Amino acid sequence: MDVTKLDEEELSYELRARGIAAMNDVNEMRSVLRGLLRIEVEGNSLMNTDSNVPGVNVKSEIKTCVKKLQAINSMIDNIQGDRYSEQYRSADAKLCHLMNRVDKLPAVEKRDQNDRSNLLKGILFLMRKMEGMASNTSVVETNTNQNDGAAGAGTVVLYEKTTTTEMNSTYGSAESTASDEEVGTEYFVQQGVAIKSLSKLHKGSKSHKNAETHYTGLLRIMKYRTAKFIEWKPTEMSIFPDVDEWNIVDTGYKQNGKNKNDRSNIDIKINLATMKSYKMKKHKKHQISILQTNGSLVTFLFESSPISDFVTALKTLLHTEKEIRHHRPTGVILVLGERQDSDPLCQSIKELKIFPDQPPTSTVWSFISGFQNNPVEKTYETFAKISDVLLTRTPDTRPDQEVAELLNRAEEDDEYTMVDHPPPTVLPPRPGIKPRGNPLDQTTFYQSMNDEGRITNEDYIKNIIFYGGCEHSIRHEVWKYLLGYYPWNSTREQRINIDKQQKTEYERMKVQWMNMSSDQISRFNMYRDRKSLIDKDVYRTDRTLDFYAGEGNENLVKLHNVLMTYVMYNFDLGYVQGMSDLLSPILMIMNSDEVESFWCFVGFMNRVNTNFELKQTGMKKQLNDLHYLLTTVSPKLENHLKKMDSSNMYFCFRWLLVLFKREFIYSDIMRLWEVLWTDIPCANFHLLICVAILDNEKDTIINENYGLTEILKHVNNLCEQIDLDKALTTAYSIYEQLKQAQPSLQDSVNELLGFSISHSEIILSSDSNSREDDYEKALSMNYT
């Protein structure tokens, strides 16, 4: 709930519901309510569990809620803009408040119960109304007469800027042309797809449970002369319920024969033009529910076959976007319209059948099939992920096999979609850049310890490091604290014991892989693959540095040993390309000590391990968060990136993956990392550094009208040319600028930077199961 959108009376109610008396100052009420909501999110609910809000008269409260419902309806009618507009967000917040308020009504009398039920129906109607606005469609006519007009029975006609008559004729033509006898083009076909339920019309029948039976059949996507359809036909004999229970005119269901049990006479057709949205269940990826504009619902079950090909086919034929509420995806995919096949380039590429004999799981075929479906998008996505290989490394240091590895990682991942963010808040002037401070020296560091060797002022030391780094001579000690090898409050004696324990544990894990026989390795494919990748990466990591230069270098052996031992320590993650880049400076600072290097590397990986997950969820989230910050700080640059189809931020992929390891000279990367490890001023300061670098380069990018390719080249040309002090001071200045604007910032920005956030954002992020249940309820009610 966004408390900034609630008025005085609504704030007063929310406080009274939590046993707090109303206050005279609206801002004070908002502040108190934010604090209470934050406590509730932490698990300490302050709401009255008996649904009896103190001082509430039920009949008076019903009248108040009715007035609020009417007011919200007027607000919705007057909304100008999309779902991110202030008017839309205000109506959404007030509707959320009203839903909670009505839900708390202690209706005992029959009339009060009816009034409460009608209020809930009214709220649900307004929610549906706002859903229609969010997808830019409006329900204007429902034709339920099977003999009236060409649109067909139960067809809900939608319009944007086209008249109702035009749309009726268009839909009617599409329906009538795609007859059973017409020969069409097959886009997709899959045997063994079951259908779970067809429509809300089942629920009025006495044998509703029978209608939930699964029936297996053939699923196809067909293109006819004027329309495209999803078609399902049964292939097995089953007992069917009565005809009345299956009178699903809305979904195109037909029963041409009189024999109810003759499944060959039953089929389902869904016109792609009538699709509103679809969704795969969170924990049932083999199940997809399709919602049409007329409210009917069809659920397909891919129990013995992959669903990914069907979803890919839908994305090929439809323009879609992820539904966003409160700046977070809901899991629903909205259908914006059908794609046009008129682009000669796209059409010619789709018709190419390259490598038809390749198995579908192969890397090459996975890329090619994606390229066939959407050549421009797939090229952008893949080119960005392998730009480092193609633009910055020579063939002898980055062989062709690595390109295949990167492609494989990209294709095994779910689709990455950049979330569109609302218009940014107007920020105050950026504070002046403050010069960097002096580094932490040896005297200051050791003087911060008491007689037992404990560091008495951890925050003081971290602040010095943040503003100035630390001298190279004490990095060997300081990094152990920053990376969690030593606790900040540990004594000298405790640190001696830690050294002994960690050495024993390291040697135990190291022995495990060193003593593995060749016979064992031959039956351990995953281990063998990881070892092979480590062998390759170690050989080409920082070989230009004296520390790793030359053949037979012992430091390369130690680098290899630490990485192999980490595989045994964290076999779920194992080794992923890029980890050697993170370990290399640590081994240098720890003077080639394997034990200390290993445990410091473990501490570093605990911070960034999501960067290397197979699904790359951590990287996708960071790129999305970076886009959000850039939208807020530099909307002009973000608009240019969006115009150039570059708002996915893939050109920053390498920056985030290895925390700028390849962007700065070695002495600078050590300073940068120790600054980031302090977590000052926030854990996401590295994203602000990205914003600062892009902000410094925005004039070049915009004035030269750079597209994705030029931006990639420009960003890669910045390698070892970036002024670290300027990047750090600019990033901190941006942080201070956003801090001044904090009350007016979007919740997502506040959360990223560690500022206070509103209840609505926290609830959405902490109660994903509730969101899933809400969507399932909405589907079962078909938004009615």
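Reply: The second largest cavity holds about 100 Å³ of space. A cavity here is a set of points on a 1 Å grid over the protein atoms alone where a 1.4 Å probe fits but cannot get out, with points joined across faces, edges and corners and the volume being the space filled by probe spheres set on them. This is a predicted model, in which local features need pLDDT of at least 70 and side-chain atom pairs count only at pLDDT 80 or more, while totals for chains, interfaces and linings use all residues. Residues are numbered from 1 along each chain as its sequence is written, and side-chain values use heavy atoms, with hydrogens and water left out.

Me: How many cavities does the search find?

Reply: Seven cavities of 30 Å³ or more turn up when the whole structure is searched.

Me: Since α28 came up, at what angle do α25 and α28 pack?

Reply: They pack at an angle of about 20°, with their axes 10 Å apart, and that makes α25 roughly parallel to α28. Axes are lines fitted to C-alpha atoms, for helices over the stretch in contact, and angles run from 0 to 180 degrees between N-to-C directions; those under 35 degrees count as roughly parallel, over 145 as roughly antiparallel, 65 to 115 as roughly perpendicular and the rest as oblique.

Me: And which residues meet there?

Reply: D668, R671, L672 and V675 of α25 meet L724, D725 and L728 of α28, where contact means heavy atoms within 4.5 Å. By class, this contact has four nonpolar, no polar and three charged residues. L728 also belongs to the lining of the second largest cavity.

Me: How do α20 and α25 cross?

Reply: The axes of α20 (residues 579–589) and α25 (residues 666–677) come within 11 Å and cross at roughly 95°, so these two helices are roughly perpendicular to each other. On the α20 side the contact uses D581, L582, S584, P585, M588 and I589, and on the α25 side Y666, M670 and W673.

Me: Switching topic, what about α18 and α19?

Reply: Helix α18 (residues 525–539) packs with helix α19 (residues 554–569) at an angle of about 155°, their axes being 10 Å apart, and they are therefore roughly antiparallel to each other. The residues that meet include Y527 and R530 in α18 and L556 and L559 in α19.

Me: Last one: which residues does the cis peptide bond join?

Reply: That bond joins I680 and P681, with omega about -5°, and P681 sits in the loop between α25 and α26 (685–703). In another loop, between α23 (635–643) and α24 (653–657), lies D645, a residue other than glycine whose phi is positive, near 55°.

Notes. 1 Å grid on protein atoms, 1.4 Å probe; cavity = no way out; pocket = protein on both sides within 12 Å on 5 of 7 lines; lining within 4 Å. Helix = DSSP H or I, 4+ residues; strand = E, 2+ residues; numbered from the N terminus. Nonpolar A, V, L, I, M, F, W, Y, C, P; charged D, E, K, R; others polar.
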